[in-house]
Structure formats: structure tokens, C-alpha cells
Amino acid sequence: GQHLITAIADQMFGFKTTSWELGRQRSVIELDTPSMTAEQIEALERSVNEKIRERVPVMVRELAADDPEIETVRSRGLPDDHAGPVRVVDIEGIDSNMCCGTHVSNLSDLQVIKLLGTEKGKKNKTNLAFLAGNRVLKSIEQSHSTEKALTSLLKNGPGEHVEAVRRLQSSVKLLQKNNLNLLRDIAVLVARDFKSKPVRSQLFVLHRKEGDSEFMNIIANEIGTEETLLFLTVGDEKEAGLFLLAGPAEAVEHLGPRVAELLGGKGAGKRGRFQGKATKMSRRGEVQALLQEFIGHRSAEA
């Protein structure tokens with residue numbers, strides 16, 4: 001299949017094959033061209049499948065290394081240490097190529113070739129992905145199974161799947177926006193509730209599974225951190241999440257790295273705030289104990 005695509009791409013457009021990869025799911029040919037148009041891909045696919053339907057014979061022959069005909073065979077060149085005859089694979093009237101691999105005896109054995117499209121390659125080249133033979137049938141089977149699953153989930157026919165997904169994406173974006181607004185409102189209310197207390201604690205601790213960095217920073221902004229030490233976390237209670245330590249700059253600078261270490265995470269800080277990611281949210285209690293101990297020492301010294 002690669003021999004056929006390579007030969008026809010060269011004949012039709014002058015695109016030379018510089019390398020290729022036989023993958024587990026799909027294969028890729030690297031072409032010496034910066035791009036291919038959709039029309040070129042369609043024409044190439046149509047042409048290679050015409051050759052398959054024409055049942056073009058494929059023959060294998062061996063030539064002596066010094067045979068003048070070697071010069072007419074497509075090749076990347078023989079290794080310097082090569083000895084013995086040279087194996088040539090001929091697709092009748094289409095291509096002659098040096099190759100040591102196994103091959104079909106007739107292009108009809110390929111059944112069909114499907115070009116999947118292109119991706120940008122290295123050094124101004126283009127990667128052309130393709131399927132051949134049974135891989136095309138397996139891909140169709142997989143696509144059909146996916147289509148059936150989507151039909152069941154989306155409650156409509158295959159022709160309406162794309163529009164249904166677009167509607168779902170639009171709904172999700174709206175819900176995310178509403179959720180963000182609600183989180184902001186909750187953050188403000190949490191801060192106001194704390195500030196309304198007659199006697200404020202020197203340590204404020206809060207965890208919320210659905211929060212984010214903005215949620216924590218709004219609380220810190222609303223409460224103010226000149227006198228209160230804040231330890232805020234969001235995410236899974238026992239696994240990974242985000243944390244924010246805010247308060248007097250000197251205290252945060254001293255405690256921040258220790259908090260990150262206890263939570264199995266990393267962070268950075270400046271101007272009285274230290275925030276980052278945590279992998280061990282289950283150790284929040286240890287952090288709280290550390291902060292309470294720090295406040296106790298500070299109060300005793302005062």
C-alpha cells in the first residue's frame with residue numbers, strides 16, 4: 001500500500017516520499033512538500049483505488065548488484081556493505097522499488113486504501129496518514145460502534161450528532177459561567193460572614209471541593225490578610241487540589257514552603273500570599289495544626 005501511494009503521489013504531483021512509518025493503528029508517509037490540498041488528497045485516493053480495482057500484478061525479482069537496471073529502480077541506495085543480489089518489487093507499469101519485505105501478488109489483494117488526511121511534518125514536509133486492507137474495515141467497524149453509542153446517548157440520528165454536541169457544548173459553557181458567578185457570590189458571603197463576627201479568629205480555614213484559585217483569592221481579598229492567617233483549599237478532600245496561604249507577609253514567607261511540603265505539593269508566593277498545587281489534601285489537618293501552633297507561639301511572644 002505504501003509503495004502504491006508513494007509512486008502515484010510522485011507521478012501526479014511530484015511529491016517524493018522521504019520516510020514512512022508502519023503503525024499499529026494507522027500508517028504515515030512523509031512527503032517532501034509543505035502541504036497538500038483536500039483536492040489533491042481526494043485525487044490521490046481515487047487514483048490508488050482505481051489501480052487496486054484494475055487488479056495490477058505485483059512481481060518480485062532479483063538483480064545482480066552490478067546490473068545497469070539497478071539505476072532505474074526507485075531506492076534510497078544500497079548499504080556500503082551490501083553483498084549478493086538485490087531484491088526488487090515491481091508494480092506493473094507503476095513502480096519498481098528495492099525492498100526486502102513481503103508483498104501481495106496483485107494490487108487487488110489490498111482491497112482498498114483510505115487516506116485519512118495530513119499533518120504538518122518536520123522541516124517543511126507533510127505527513128500523510130493512511131489505512132489499507134483490513135485496517136479500513138476495522139476502522140469502519142469502530143466508527144460504526146461509536147456512531148451507535150452516540151445515537152443512544154444523544155437520542156438522535158447520526159446526521160444530527162454534530163449539531164447535538166454543539167448544543168451540549170453551548171449548554172456546558174453557560175453552566176460553567178453560572179457556576180463561576182455562584183462561586184464568586186459564595187466567596188463574598190463567606191468572607192462577609194467571617195468579618196461580621198464580634199471577635200475574629202487569628203486563623204481562618206476553609207475547604208470547598210468545587211472551588212478554584214479565583215474563589216480562594218476573592219475570600220482573601222474580602223477578608224484582608226493584615227491580621228488574619230488564611231488557609232484555603234479546593235479540590236478532592238483526600239487527593240489532589242489547590243491551596244492558598246494568605247496573611248502577614250513575614251508569616252506567609254516562613255510558613256508557605258512548609259505548608260506545600262506537608263501537602264505534597266509545590267507553590268510560590270509574594271506579598272503575603274503563597275499558593276500552589278497539592279497532591280495530599282488529606283493532610284490539611286496537619287497544616288492547620290502547624291498554623292495554630294505558629295499563632296500560639298506568636299501570641300505568647302506578644
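These legends walk through a few close-up views of a predicted model.

Before we start: in this predicted model, local features need pLDDT of at least 70 and side-chain atom pairs count only at pLDDT 80 or more, while totals for chains, interfaces and linings use all residues. Residues are numbered from 1 along each chain as its sequence is written, and side-chain values use heavy atoms, with hydrogens and water left out.

**View 1. An open sheet of 4 strands, in the order β1-β2-β7-β6.** The pairing here is antiparallel. Strands (E, at least two residues) and helices (H or I, at least four) are DSSP runs, numbered from the N terminus, and two strands pair if DSSP finds at least two bridges between them. On average, neighbouring strands are turned by 25 degrees against each other, direction ignored.

**View 2. The hairpin of β6 and β7.** β6 (residues 113–120) and β7 (residues 126–132) pair in the antiparallel sense over 7 bridges. Look for Glu119, which stands opposite Asn127 in β7. Between the two strands come 5 residues, and Lys123 in the turn has a positive phi of about 50 degrees.

**View 3. β7 and its partner β2.** β2 (residues 27–31) runs antiparallel to β7, and 5 bridges join them. Ile29 has Leu128 in β7 as its bridge partner.

**View 4. Helices α1 and α2 packed together.** Their axes are 10 Å apart and the angle is about 125 degrees; axes are lines fitted to C-alpha atoms over the stretch in contact, and angles run from 0 to 180 degrees between N-to-C directions. That makes α1 oblique to α2 (under 35 degrees is roughly parallel, over 145 roughly antiparallel, 65 to 115 roughly perpendicular, the rest oblique).

**View 5. The largest pocket, with about 1000 Å³ of space.** A pocket here is an open set of points on a 1 Å grid over the protein atoms alone, where a 1.4 Å probe fits, with protein on both sides within 12 Å along at least five of seven lines; lining residues have an atom within 4 Å of a point. The volume is the space filled by probe spheres set on the points, which are joined across faces, edges and corners. Of the 42 lining residues, Gln2, His3, Trp20, Cys99 and His103 are the closest to the centre. α1 gives the most to the lining, with 5 residues.
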